[in-house]
Amino acid sequence: MTAPCAHIRVDALQHNYQRLCLAAGGAKVIAVIKGNAYGHGLLTVARALPDADAFAVARLADALALSEAGIGQPIVLLGGVYDASELATAVGKRFELVVHCRPQLELLEAAAPARAVVWLEVDTGMHRLGIDPEECAAALQRLSKCKAVGELRLMTHLACADDRRDARTDQQVARFRSLLASFDGPISVANSPGVLGWPNSICAGVDPGRSFARCGIALYGISPFAGTIGAEFGLRPVMHFEAGLIAVTHVRAGECVGYGATWTARRDTVIGIIAAGYGDGYSRFLPSGTPVLVNGRRAELAGRVSMDLTAIDLGPDGAEQIGDPVTLWGDGLPVEEVAASAGTIPYTLVTGVRHTLLEPAIAGDG
């Protein structure tokens with residue numbers, strides 16, 4: 001195979017979900033599949049997790065796609081809805097709604113009777129979405145009177161849990177816990193780093209049976225913590241992104257390769273060209289020196305990534321041939337390491353991939 005393709009490993013996905021369930025300490029786990037399941041394929045991931053307690057997406061269109069595909073688990077709309085038409089559609093499909101602002105609350109107050117599950121999001125310190133903690137009691141009271149609301153739940157989102165030295169996570173948790181004296185319904189606090197990095201402090205003392213963890217990046221085998229890889233937490237990479245060599249050529253010392261002539265050969269060497277570029281999701285921001293694996297051995301990018309082609313330095317003794325596989329990230333080359341080469345985070349790489357191929361689970365493979 002020379003065309004770029006991201007192989008999606010169902011066994012790894014299922015393994016990661018079970019690992020996160022264990023780490024969540026008895027809490028239910030919502031599989032976050034927004035952003036096309038972080039580039040892994042919305043329906044691919046949903047169908048591969050029949051035991052998931054629920055799924056979470058950012059937008060109504062994704063929730064509808066899941067519903068139309070026959071996905072039976074609860075679907076949480078993290079962004080909520082923004083007009084009466086969206087609300088009617090979401091309620092009709094029994095999607096769970098997140099309410100993070102007053103206009104969304106007012107939509108529910110004006111809605112026809114229903115039995116919707118509603119998550120009230122409280123801003124405990126991220127200052128992105130959510131109501132102020134001081135307004136929480138009043139908002140809960142108003143929602144409890146809405147004929148469209150069947151069950152109320154409470155949630156917040158952690159801003160700095162990916163830094164285990166940052167005290168703001170404990171501060172956010174303390175703010176959220178202070179609201180629970182007058183609320184005994186289901187709650188959700190922990191994201192992937194919350195589950196893996198703060199297992200003893202996220203809502204300590206709260207019955208895990210009423211708690212939901214929302215796991216995104218770790219579900220795909222990727223560490224949420226800088227300087228680490230998923231394997232350190234017992235996770236397996238779900239995406240194996242590869243392409244093939246389509247050309248091999250020799251360049252002399254002093255010759256340049258690629259647009260802008262940004263890379264110059266230090267010695268006579270062999271250059272391989274792979275059929276992948278930023279049009280396929282292999283970022284243009286990956287610099288020369290970014291590692292790849294060619295037939296399992298390490299090589300480096302040489303020059304700028306272009307739309308559908310990328311050059312790699314195979315070294316003076318490079319003996320690879322057209323058609324040989326090149327791992328861009330995945331088995332043997334963590335996406336966390338590749339992202340670090342570009343000074344970015346793995347999220348930006350995996351969500352940009354365009355071509356995926358499902359690899360079915362292997363019976364008996366743990």
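**Figure 1. Glu 96 pairs with Arg 153 in a salt bridge.** In this predicted model, the closest N and O atoms of Glu 96 and Arg 153 are 3.4 Å apart. Glu 96 belongs to strand E5 (residues 96-99) and Arg 153 to strand E7 (residues 149-155), so their pairing ties together parts that are 57 residues apart in sequence. Have a look at how covered the two partners are: Glu 96 is buried, at a relative accessible area of 7%, and Arg 153 is buried as well, at 11%.

**Figure 2. A network of salt bridges links Glu 96, Glu 151 and Arg 153.**

**Figure 3. Arg 9 and Asp 331 form a salt bridge through their side chains.** The N to O distance is 3.0 Å. Arg 9 sits in strand E1 (residues 5-9), while Asp 331 sits in the loop between strand E17 (325-329) and helix H10 (335-341), so this contact ties together parts that are 322 residues apart in sequence. Asp 331 counts as partly exposed, with 35% relative accessibility.

**Figure 4. Arg 165 meets Asp 163 in a salt bridge.** The two side chains come together at 3.4 Å, N to O. How accessible is Arg 165? Its relative accessibility is 76%, so Arg 165 counts as exposed. Asp 163 is partly exposed, with a relative accessible area of 28%.

**Figure 5. The structure holds 10 salt bridges.** Among them are Arg 9 with Asp 331, Glu 96 with Arg 153, and Arg 165 with Asp 163. As a friendly reminder, side chains of opposite charge can pair when their charged atoms come close.

How values were computed
Residues numbered from 1 in each chain as written. Predicted model: local features only at pLDDT ≥ 70, side-chain atom pairs only at ≥ 80, totals over all residues. Heavy atoms only, no water. Salt bridge = Lys/Arg side-chain N within 4 Å of Asp/Glu carboxyl O. Helix = DSSP H or I, 4+ residues; strand = E, 2+ residues; numbered from the N terminus. Buried < 20%, exposed > 50% of the residue type's maximum accessible area, 1.4 Å probe, protein only.
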